[in-house]
Structure formats: C-alpha cells, structure tokens
Amino acid sequence: MGFLTPWFLAGIAALGLPVYVHLLRQYRQTPIPFSSLMFFERRTQSSIKHRRLKYLLLFSLRCLFLALLVLAFARPFIHSRTIARAGGGRNMVFAIDNSFSMRQGDRFAAAKQAALDQINAMHEDDRGQVVTFGGPARLVTDMTQDRQALRAAVNALAPGDDTSSYAELSRVLRSTSESMKTDIDAHVFTDDQKSSLPPSFADLKLDDGTKLEMHPVATTVLQNWAVENVEAPRRVFDTKKVRTVATITGYNTPDAERKVTLFANGKALETKSVKVPANGRATVEFLTLDAPYGLTKCEIRIDSADQFPLDDHWLFSVERLDPKPALLVHADGEPATASPLYIRTALESAAGPAFTLESLPTSQSGNANVSKYAFVILSDAGPIPQKLDDALTKYVQGGGSVFIALGKNATPGRHIPVADLNDLGLRTVSTDHDAVLTVSYADTSYPSFARAQNWGGVEFFQVAKLQLPQNVPDIRVAAKLSDGTPLLVDRQIGGGHVLVFLSPLDNIGNNLPTEAVWVPFIDQTTREMGGIGAAPANYKVGSFVELRSAKEKGVPVEILGPGDKRLLTLAESSSATMFQFPSEGFFDVRRANGREELAAVNPDRRESDFALIPQETLDLWKNTGVATKSAPGTTAAGTTTRDDNAELWWWVLAMLAVMAIAESILGNRHMTAQQLAADKEMA
Amino acid sequence: MLQQFLDPAVLASISSLDLVAKTVVDGFVAGLHRSPSFGFSQEFAEYQQYVQGDDLRHIDWNVFARSERLYLKRFKGETNMQLLLLLDASASMTYGSGRVRKIDYARYIAASLAYMSSQQRDATGLIVFDQDIANYVPPSTRQGQLMRVLHAIEKAEGGSRTDFSKPFLHFQQFLKRRGIVVVISDFYEQPEQIVKVVEPLRYRGNEVVLFHILDPNELEPKFKDPVLLLDVEDDTAMEVSPDYARNEYRAKMDQHRRALSDKAAAAGLEYVFMNTAKPLDQGLRNYLAIRQRRR
C-alpha cells in the first residue's frame, strides 16, 4: 500500500483536536475551594495519569473521521498484481513505421522483414499485434496468437505519405498496456528519424511494464535535397503572369547547385539553377507561369540526384478567374467621393483584385439582381426598397453575404434589413466632451481581422447603437469599441452571413478609410464574403478539408483523387463533413455549395530529414517503460504479471460519510443539555 | 432525645448562638445526669449575706421566704477559674462540605463552653484570631459577659490565612491569671510549630486544650474525577487525582493528626479532635474533665 500524495499525511496532526476536545478541554474545570492544600502535592504525572477521556466512543469516531479525511487526501492505493494470462506468454506489439520516409530505398521492405522475423520467433504462448504509426497510429490486428494472421498483416502493409510520430506510437503503447493490464514487449521497426520526436519528451513516456526494443532500418544519415515549399497565389483574377517562389532545402548536404523546373499541366515552363548552401535552403522565383482560365495543375521539380527522389517535387494549383462583380448600395445624394470611392479604391489596391464594384443609390437599387454579385454592401443606405430587402434575404439564405454599414441614416427603432436586428439610433461623439472611441477588442480569429490587426489610430465619431438579442448562437461580435459597444457583428442566416458595421464607411463618422488598416480590412472582409478567402494554398498529407457546413446536409459532395478515382462512397458523399487527404497528389474537391477546388497535397517535409535519433535519447525513451515491477513479474514459467495501483480514496470517502453520520448521531445524543447536566452531576 | 440537639446539623438550624449554647449545654448536662460516672454538679458550700452590688441571681429565695433575709448561696464549684477561648477565624475555617462549616462548628463549641463556664461563674474571655488578633473579649465574671462573648463569637467570620506564631506571642499579655486556655482551630500548620507557639501558655500554669476541628471531606476526600482544588487561604490551585486523595492524602492527614496529638501530649497539652459531622459532646466532656482536674 502506498500514497499518491503522501504530504497530506501531515494532516494526521489534526488528531490532536479531538484529544484536546475530549481530554484537555474536558479537564479544564472550575476550581473547587478547599481549606488547605498543605497535604497535597503537585504531581503532574499522577494527575495526568488519571485524566480520563470522556465519551470514548465519540472520541474514537472523531479520531477515525479525521484520520480517514487525511487518508482520503493522501490518496492511498494498493498494489495489485495481475497475471496477464493463465497460460502465460508474452504480449508483443509490432509497430511498423510506414511513413513517407520509409519509401526511401528498401527501408520499408527491411522493416517488414524484421517484423516477420520477430513474428516467426514468437513462442506458442506469445501473443502479438501489428500496429502502424506512419500518420495516425492504426491497430492492424488484434492481440492474437495467430502468427499466420500477423504475417499476412505485415505483408499487406504499404508505405504511406504521412508523417510518423513517436509520440503517437507511445500513446498507442500506453493505451494498449492500460487496456490489457499486462506488460508488453514493443518491437518498433523504423528509420529512427529525429524529426519524428515530439517537442516534449514527456509525450514519449511509456507505461510501466512496457519493454521497448528498436529495430532500426537505417543506420546512416542520407544526403537529401527537397522542395520544401512553394508560394503561389491560389487564385488569380487578372491577366498577369503568376509569380511563383520555390524553396529548396538540403538536409545533411554540401554546397550544391540544383536545377529547378516549373511545370504547368505537365509542361515544363522554365528551368533555373540555384545554389543551395550546405544544410541550408535557397529560393527560386518564377515569373513565367501564365495560367489559363480555370484550374491548372502546377509542379516544381528539382534534379536532386539523391537517394530519395520522392521529395524532389512540390505540387500546387492555380485557378484563374475573372473578377467577380460586387454591389454597393449607398444613400441617395451621397457624394461619389464618400464611401463608394473608399471601398472601390481599397478593392483595387488589394493584391490581385478579385472584385469589380458596382455602386447604386438606394432609390435605384430596387430592381438590382443581387444573385449575380459575389457580395452586397449597404453603405449607410437608409431605408431600402422592399423588393431589394426581399431579394437580399433570399440571397443570404442561399449562401450570399451582405455587409451593412450604419451611419447618419440610422434611425432609432428602424429594422435593419436582412440582419433582423433593430437600430437604436446614432451616437455622435463630441471631441470636446467625450473621449474618442477606439477599437478595444478585435477577434483575430475572425477573417476580417486576421491580417488587419493594427487598429491603434482608428477613431470613431459616429457609432450606431444596436439592439442585440440575447442567447442567439448565430450572432458573433467580432470587434468592440472602447466603451464596450459592438463594432462589427456577424450574423449567420441560412447559408450566408450578414455583417453589420456600426459606423459609416467614410471619413466623417470615423477616420478608418484613411488609415493603413483600411485596405486589408476591406480586402479580407470582401474575400471572405466572396468565398475566396478561407482555403489554404496547399495541403499536407493527413490534413483535413471541410466538405460542407452543418446546414448543407444531404447535398452530395465529391472528391476525385489522383487518377480521377472517386474517394467517397455514395453514403459518404451525402453525409461526410470532412475529408482527410491520404496521399500525395491532386484532389478535385467539389463541395456542397457547388464550388470546385483543386487541392494539391504534398507530404510533410519533416520526412525528408533523415537525421537519426541520438542513442542516448533512445535509451532514455526505453527507460521510461522499464518498470521495476515488470522485472519480477516474469516468472520462471514465463507468466507475465503486472503491478497495478488500485486507488482506495473513494472507499475512504464512503467510510468517511458513514463516520460523519455516526458522529452526528452520537454527538447529538451526548451533547443534549440533560446529558451534560447528568455528566456534570456525576463528576 | 436531647442528644439530637448536640448534632451540628440540628444546631445549624438555630439562628441564635446563645440558644445554641443553652441547648447544647442543657442537653449535655441532662445526658450526664444519667451517667453517674461523671457526677457533674455544683456542690453547696455556704450562705453569704447579701450586700449591695451582689448579683441578685445568686440570692436564695427560699431562705428569704422563710427568714425574710437575703442570703447568697455559695457553691464549692465557684472558684477563680478563668476560661480563655482562642477561636481560629482564618479562611480555612470557612470550609465545609456539608451544612455546617468548620467555623460554625467552632462557634458552637466556643459558645457552649462559654455558656457552661458562665453557668459555673467562671471568668470567660475570648480571642478571635487568624494571622492576627481579630477580636478580644477580656475574661470577666461581670454581668453580661456571656452575651459579650457570644456576640464576639457570632461576629467571628473567616479572615485571612492562619498564622499561629504572631497572635500567640500577643496572647501572653492577656493571660493575667491561671486558667484554662482552649484553642479551637483546624491547625493547618506543622505540629512542631503549633506546639512551639502554644507551649509557652502552658508554662504559666494554664491548662491548654487544643480543639482540632476538621471537616469529613478533609479527613477523607471523595473525588470521583481529577479535580482542581483552590486553596482558600492563598488562592493557589492544584490538580489532584482521586487516587492521591484516597491514599497519600489520607495517610498524610492521619500522620499530621497523630503527630499533633503526640507532640501536644509530650508538651502537656490536651488534644481533642472533633469531626464537624459528629455531635459536640466530646468537646464538652473533655472540657469538664479538665476542669475537674483543675479544681
């Protein structure tokens, strides 16, 4: 038996409390007058000797109560030795690394052969399980004595394009050990890549009783050049050639010159030479990519001439589109130099202008066909025609986005179109009397503020008040002003969003259009509203892509993998919300909202670094699982036993509750006035 | 029947001290009449012609009836005996486990002796002391002396601590004539010291009687649990276990009483132990025996 938190045992000193209450305090009594103490002697020992505890049962209960309380905090446990199996035998886990790096040479074949050798060496009583950890760990078989099944499982394994993680392997080994409550022998067949170690060594901790044995299939560090990354715009909206920057990295390499070639749809466009420093990286810029309209499969390739050619290329895709039209509705009579000018300028100033802005005064917007616009902006438009209101509501329900800026035309009590919110009027800040309002909170996870974070100099003089309903989950306040009022409110309606900006988009109600943050704010906001902002430029193997929102249930999605192979079953096509890219290549993703995306998926380049784990690190890792209990657990008969800690604290708590009840009852009986009087009289 | 009036508990219900004394003495004397071994009486000696100033109570009215002359009746018992009562009124004397405190019991004794003494026309005096002399009534046979003595006895109440040495040095000056000196106390002092300070009284030819008054609880303390005792004289407190009180204390108390008795006897002092739970006749009996010897 032991204690998980033995320091709490110091609380046992609290047992002095009942002793004090029952012995010392009871003994402290009123002095009795006596004629003379001439014949008495001060003999403390004798006196104490005759001090008697009162209410012995109550005293015992109280002592027991405190002792149990201390015990519960100390968290006692008992060792329970569990015999793994009546018949004995070892439990073996064969963990095979099938990550991208194992594709190098014959590493994976060597790993499989080593695993097969270990399986063949199993005793009849031994049980085994095959696990892979090239990516998310996968239990290929159950723990079985069927060596034939184990061999078949190993033979069926193939290397993948994902990244191995020793932390993931340790987690699986811990889980297996915990669930089986036995010692396990883990045989790991891997190339000992240092890059597969987790940042924290604690993540490698093995459970007690886990014996780790490494079977390295690589003993030397390879020289390897790889295309580490490519930067290129995912979508282009103009006719300019696409700028592409590739990063070439050398792992354990000397200075070398490498040739880098840009391919588009399988056709080599340009080749450049680049000097890659020893163990360093170099970048190459291409300005020759003239992508046609639509989706283009692009690739950067190097002539590495090393022993691992699989990482010598990088896939990426470019989509050329025409700029999408966007509608700006502004108040009648608003000068052209006000919000329309600022918004248009911001859109044109953004890198790769994706939208062309059409502006209409409110009075002429009734017949606008909003469905053809990527998004709609109502810039302090005031009351809009009912027809436009209906069209916008339908537009948002169908997935469109509307940006509403409130300004001097805000009227108290007016219903804000589409957003289904009520305007409470406009507050104008007087710089003579009031403090100027600034942005005190901006949610950087919100797309509008992901890059536009410098709001320090922006001051607001006109701010509309909004009545926000409570406990509505689809309303999100993305930014707040210094007085706590919302600045930007996002409300999801149907498949689309309505963004309400509580200040006008001109330089009267605030100075936002003249600040540097204006262009990125408008650019990111409009891109998000236009549906071209969220997706990453490229994906790694094992990463996920979102296929549908929660409100797009039942709408079929489709994914075509390399070779135009459909990767989703019919059931998955109508229900899957996420998809994990299993391998390298181009994946054609057709989402529920009709948008099509060409996802270029590449292996994680950590797999290209063949640096080996230092031996001392491996020894430390092994030692985390060498349990002192496991050694004596293996008996002469080969029986594997396992010491387990069974915590007793909840038993102690149950006894504590019983003690508390008993103490209350007994204490109540003793402490009645009559009883006290009787005791006093007896004394 | 009359013996019950010697019971201290009965006497405690009588508020008037002179009545107490009368009750005790009359009851005691009535008991003695049934006992020939003691023969207490005042033997007739002679008649003496009355002269102005004599006490009218001593006139023999039978003779006057027959001869119409006033004669005083004289008895043999009438001597020049002097009784001096030394009453300890220290704080320890106020202790009492029952209805009668030691000081009450001592007062009964003193009052009874004073009454008996006045009946026999002895000069009676009183000294009340604790660590000093608290009250002094000089011995006298004058009319009203008994009431003065009784009044002084009644006023005696627990004072401070007992200190024999200081008041007893002063007693010497009060003893003009030989007589009987009765010391009534609980004698919480070392026997050697008590005898040392009392013994000089004996040198002047006085008969000294020590009445040792103790409460039953002082003789045999009965504590069920450990108790905290507070000395009423010096306010010191002490924890006392029942075992100690039951064994060692009793032994020490017995030894103290024996030592006091032995040393008093060796010094020619009379020692009378009195338990406040017992009747008072033992004290009176001892007094009469001593007086008999002195006559």
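This is a predicted model: local features need pLDDT of at least 70, side-chain atom pairs count only at pLDDT 80 or more; totals for chains, interfaces and linings use all residues.
Visitor: How many bridges join strand 4 to strand 5 of chain B?
Guide: Strand 4 of chain B covers residues 123–129, and strand 5 covers 133–140. The two run antiparallel, with Thr124(B) standing opposite Ser140(B) of strand 5. The number of bridges joining them is five.

Visitor: Which strands are the edge strands of the open sheet in chain B?
Guide: The sheet has six strands with mixed pairing, in the order 5-4-3-6-7-10. Neighbouring strands are turned by 15° against each other on average, direction ignored. An edge strand here pairs on one side only, and that holds for strand 5 and for strand 10 (270–275) of chain B.

Visitor: Which strands of chain B does helix 7 lie across?
Guide: Helix 7 of chain B takes in residues 191–203. Its direction is at about 150° to strand 7. The strands it lies across are strand 6 (180–185) and strand 7 (207–214).

Visitor: What angle does helix 9 of chain B make with strand 10?
Guide: Helix 9, residues 242–266 of chain B, packs on the sheet. There it touches strand 7 and strand 10. Its direction and that of strand 10 make an angle of about 155°.

Visitor: Where does pLDDT stay under 50 in chain A?
Guide: Chain A averages a pLDDT of 83, and 89% of its residues score at least 70. One stretch under 50 has ten contacts beyond four places in sequence, and another has 18. These stretches are, in that order, residues 45–50 and residues 628–639.

Conventions: Residues are numbered from 1 along each chain as its sequence is written. Chains are lettered from A and ligands numbered from 1 in the order in which they are written. pLDDT is the predictor's confidence in each residue, from 0 to 100. Two residues are in contact if their C-beta atoms, placed from the backbone, lie within 7 Å. Two strands pair if DSSP finds at least two bridges between them. Helices (H or I, at least four residues) and strands (E, at least two) are DSSP runs, numbered from the N terminus. Axes are lines fitted to C-alpha atoms, for helices over the stretch in contact, and angles run from 0 to 180 degrees between N-to-C directions.
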